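Visitor: Please take one part of this structure and go through it closely. I would like to see how that part sits in the rest of the chain.

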Amino acid sequence: MSGTKTELSSVETRHPSFVFSLNGVETKIQTASSRRLVDLLRTDLDLPGTKIGCEIGRCGACMVLIDGKPSNSCLTMAYQCEGKDVETIEGMNGESLDPVQKLFLEEGALQCGYCTPGMVMSLKGLLKEKEKPTYEEMKESISGNICRCTGYGGINRVLRKLSEG
Ligand code: FES
Ligand code: FES
């Protein structure tokens, strides 16, 4: 048993601390290498805008941007963000509403809102990559985000309006 303990402890200390950028702020973290990014954000860093749904990469509720790319934080270990740029929905808390968030409100594209941060992050990821994506590209970008309440009517209007520019 003690052999197993030593092994686990060396795994746990392999990444004792690391630095990454979180919503533009250099952040130093000390955490177990088994800690998931979603838990680090929600529990340790008090950023609950990133949601937990399926926990197996199928619902998109936990979507964040890592180096600009949409990534499921339930499938990402915290230490994998070392040296990277992580953006969460809280990073969009500017003086005025982000245009994508504004459209979600205007088009009534949310009910409980649980899926909304993940949807917004997926769309932001696409808009970072491409200035004027098509409707089809936007649809594809949120194909990993599940909404269980809206019936997608409002979300679809958001995509149409965004694609019309
Ligand atoms: S909680 Fe991560 S994809 Fe569902
Ligand atoms: S608004 Fe409730 S899950 Fe999408």
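Guide: What follows is a look at helix α2 and the core to which it contributes. This is a predicted model, in which local features need pLDDT of at least 70 and side-chain atom pairs count only at pLDDT 80 or more, while totals for chains, interfaces and linings use all residues. Residues are numbered from 1 along each chain as its sequence is written, and chains are lettered from A and ligands numbered from 1 in the order in which they are written.

The chain has six helices and five strands; these are DSSP runs numbered from the N terminus, helices being H or I of at least four residues and strands E of at least two. Helix α2 covers residues 37-44, and Leu37, Val38, Leu40 and Leu41 in this helix are buried (20 or more other C-beta atoms within 10 Å of their own, with C-beta atoms placed from the backbone). Strand β2 (25-30) is among the elements that cover these buried residues. After α2 comes Asp46, with a positive phi near 55°.

Leu37 also belongs to the largest nonpolar core, which has 33 residues. Such a core is a set of buried Ala, Val, Leu, Ile, Met, Phe, Trp, Tyr and Cys residues joined through C-beta atoms within 7 Å. Leu37, Phe104, Met119, Val120, Met121, Ile155 and Val158 touch the most other members. At least two residues each come from β1 (17-22), α2, β3 (63-66), α3 (99-106), α4 (116-129) and α6 (153-164). The core lies between domain 1 (2-92) and domain 2 (99-164), because both give residues to it; the domain bounds come from an automatic or database domain assignment.

Methods
A residue is buried if 20 or more other C-beta atoms lie within 10 Å of its own, exposed if 12 or fewer, and partly exposed in between; C-beta atoms are placed from the backbone. Two residues are in contact if their C-beta atoms, placed from the backbone, lie within 7 Å.
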